[in-house]
Amino acid sequence: MTVGIGTGGGSTAPSDEELAEYEQERPARRLRPVLDLVIAVWCAIISIGVLMQVFFPLPQGTQFYLVIFLAAVLPITLLCYRGWKVPPFLNPFRKDRVTDDPGISDWVLAVVAFAVCIYPLFDFDGYLERRQAPTSLDVLVGALLLVLLLEACRRTTGWVLPVFSLLFIAYAYYGGYLPYTWSLAHQGFNFDAIIAQFTMGTAGFYGTPLAVAASYIVLFTIYGAVLDYSGAGKFFIDLSFAAFKRSRTAPGRTVTLAGFLLGSVSGSGTATAVSLGTVSWPILRRAGYPPEPAGGMLAASGIGAILSPPTLGAAAFIIAEFLQVSYLTVLGYAVIPTILYYLGILLAIEIDARRHGTTSAETSTDSALRLLLRFGYHFLSLFVIIAFMAVDVPPFKAVVYAVIIQFGLSFLDREHRLTAPRLFKALAQGTRSVLPVAATCATAGVIVAVTTQTGLGLNLAEIIVSAARGLTDNHTVVLILTVVLSAFAVLILGLAVPVTASFIIAAVIIAPALVQLGVTQPEAYMFIFYYAVLSEVSPPTALAAVATSAITGGKVMPTMWQAWKYTLPAFLVPFAFVLTDNGAHLLGQGAFIGMVWTLGVSALAVAALAVVTGGWIVIATSWVERLLCVPAALLLLYLAPVTITAGICLLLVAVVINLIRRSRQAGPTEGSVAS
């Protein structure tokens with residue numbers, strides 16, 4: 001099965017294991033066919049159960065459903081992902097094996113995981129009533145579940161989140177021994193109370209993160225798999241190549257559009273970049289793009305897919321739950337930032353086309369009009385989701401309707417019709433895709449529970465704000481310092497853990513500090529969301545850039561900096577959300593005219609940033625023009641009348657200097673490179 005590119009897209013599509021590796025997940029096992037079929041059947045059954053839960057919810061309530069969901073996914077996570085990698089010299093007989101089946105220890109862990117997960121179901125009401133006084137068996141089962149979740153999270157995402165969780169547990173237990181004068185001190189909790197908070201409350205394993213994974217996220221992964229198997233991914237790529245055939249910037253524009261469209265299928269930035277790069281790198285190479293700029297463009301286009309409506313990333317569903325607003329409202333927050341993000345990429349593409357002297361690259365696809373007339377129905381299910389949410393249909397119902405519609409539309413294409421075998425594969429893939437996310441969300445419940453139980457979020461917020469106020473009494477400077485520190489903290493956190501986990505941790509620790517300084521919750525959460533996503537293109541790890549450099553053959557670090565160049569507007573625009581009074585307009589809040597003028601001013605700022613990173617206006621810029629555009633962009637993004645005026649003046653000076661230099665040059669060449 002493939003992810004990100006529609007089935008039938010050819011043998012160039014990356015495998016599930018490759019995509020998993022690029023998503024900072026340990027590669028899933030390559031199971032022997034019989035066991036793989038058993039796992040697929042189990043995953044398909046889970047998908048059917050999730051779909052039925054939308055219209056026929058269990059009468060026992062949401063927490064009862066979450067217990068069943070975790071019992072279904074945790075055992076197969078332990079079976080599908082490797083535990084400890086044995087070095088070849090210790091086991092030379094396994095290194096050439098095609099399959100990698102779970103061992104006895106994995107099966108034991110899976111059986112124990114199933115047993116401890118279903119334990120509450122035997123007396124669910126009584127189990128919840130014992131929260132204040134859990135029995136020894138309750139504590140033992142809860143402790144085993146904690147260990148197994150930490151192990152599942154370690155297998156799928158690495159050591160960082162489990163270690164973070166253990167540190168939080170230690171803080172909950174030993175925090176009572178801290179001097180009472182310390183801000184971080186609390187009353188202290190014994191082991192029984194901590195485990196009860198994790199397993200019997202609504203802020204632990206069965207809290208908001210897992211609830212989002214077990215409803216919104218798994219439904220959208222099922223929808224993405226159905227789109228994929230019905231040929232939508234292949235259509236989106238073909239349409240993108242057909243739309244921009246004959247200009248020298250066409251290859252870059254094609255990659256950008258294809259990345260945006262593919263994001264609705266994969267729901268993953270790095271996986272989208274890998275899928276897109278596999279198909280489009282040969283065309284970019286023929287057009288004259290060097291490996292590093294091409295890799296940077298692919299990484300930026302892939303990441304843009306999860307910053308943009310209509311799907312966004314998994315963290316967007318958690319934002320909706322935290323804010324208690326509709327998912328459509330969160331989509332509205334992302335519209336203007338998305339426009340600015342892609343404007344920055346397109347301007348960078350225009351500049352690179354001139355710097356590198358690229359040409360158009362012919363493809364063998366049909367015309368865009370013919371493709372739209374033949375396969376344009378693939379857009380219908382996307383529009384259905386938005387339309388249903390616009391009339392207050394819950395997103396989990398809207399996406400199920402979209403799945404049903406896409407299933408029916410698949411029969412319009414003989415090659416990709418969802419017959420029983422293909423539908424079975426799509427349903428199985430939908431649940432398999434959510435396994436790492438479910439393990440991450442359940443484990444992140446440890447951090448949420450400890451933060452709630454001890455009041456850590458408010459205490460840390462007070463410490464962060466007090467540290468900034470220790471340097472200055474000016475409220476604006478305090479806010480700027482806090483925001484800059486928060487941005488670095490989220491980026492560093494995102495280098496080590498997946499986007500969803502880094503968002504959850506930052507939302508419970510950093511967001512309260514921003515809110516304490518007058519930032520609204522939507523602005524704070526969206527700021528954190530963008531920086532959590534952008535960690536995937538941030539040196540020194542930059543997973544998306546590492547993945548695309550492997551495809552283009554470019555050097556890793558230069559590819560990272562090229563990706564950073566393309567995504568620079570996305571790094572700076574979120575500061576406008578939280579630092580300026582008019583930043584709320586960029587999130588679609590306030591009067592329409594306010595949204596229009598802030599979009600226009602921010603677009604000028606993005607253009608100035610493109611000059612800084614690309615080194616081109618009409619001809620290649622000198623250091624003077626670039627230097628002028630740095631404060632111009634920053635002043636424009638502050639969105640205040642005085643700073644806007646100053647920013648426009650600086651930008652105009654840079655443009656005039658560039659025009660004067662052009663008039664003085666005799667026959668300037670487009671391929672000249674900025675100094």
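In this predicted model, Phe379 has a relative accessibility of 15% and therefore counts as buried, the cut-off for that class being under 20%. Phe235, with a relative accessible area of 3%, is buried as well. The rings of these two residues have their centres 5.6 Å apart and their planes at 75°, so the pair is edge-to-face. This pair joins distant parts of the chain, since Phe235 belongs to helix 10 (residues 232–243) while Phe379 sits in the loop between helix 16 (368–375) and helix 17, 144 residues apart.

Phe235 also pairs with Phe236, where the ring centres are 5.7 Å apart and the planes stand at 50°, so that this pair is tilted; both Phe235 and Phe236 are buried. Through such ring pairs, Phe235, Phe236, Phe375, Tyr377, Phe379 and Phe383 are linked into a cluster.

Beyond the loop that holds Phe379, helix 17 (residues 380–390) has Ser381, Leu382, Val384, Ile385 and Met389 buried. Viewed down the axis of helix 17, the buried residues fall within an arc of 160°, and they therefore line one face of the helix. After helix 17 comes Asp392, with a positive phi near 70°.

Elsewhere, the axes of helix 2 (residues 33–55) and helix 19 (residues 420–454) come within 7 Å and cross at roughly 80°, so the two helices are roughly perpendicular to each other. Residues making this contact include Leu37, Ile39 and Ala40 of helix 2 and Phe424, Leu427 and Arg432 of helix 19. By class, the contact of helix 2 with helix 19 comprises 12 nonpolar, two polar and two charged residues.

Terms used. Residues are numbered from 1 along each chain as its sequence is written. This is a predicted model: local features need pLDDT of at least 70, side-chain atom pairs count only at pLDDT 80 or more; totals for chains, interfaces and linings use all residues. Side-chain values use heavy atoms; hydrogens and water are left out. Axes are lines fitted to C-alpha atoms, for helices over the stretch in contact, and angles run from 0 to 180 degrees between N-to-C directions. Helices (H or I, at least four residues) and strands (E, at least two) are DSSP runs, numbered from the N terminus. Angles under 35 degrees count as roughly parallel, over 145 as roughly antiparallel, 65 to 115 as roughly perpendicular and the rest as oblique. Contact means heavy atoms within 4.5 Å. Ala, Val, Leu, Ile, Met, Phe, Trp, Tyr, Cys and Pro count as nonpolar, Asp, Glu, Lys and Arg as charged, and the others, Gly among them, as polar. Buried means under 20% relative accessible area, exposed over 50%, partly exposed in between (1.4 Å probe, protein chains only). The arc is that of the directions from the helix axis to the C-beta atoms. Rings of Phe, Tyr and Trp (its six-membered ring) pair if their centres lie within 6.5 Å; planes under 30 degrees apart count as stacked, over 60 as edge-to-face and the rest as tilted.
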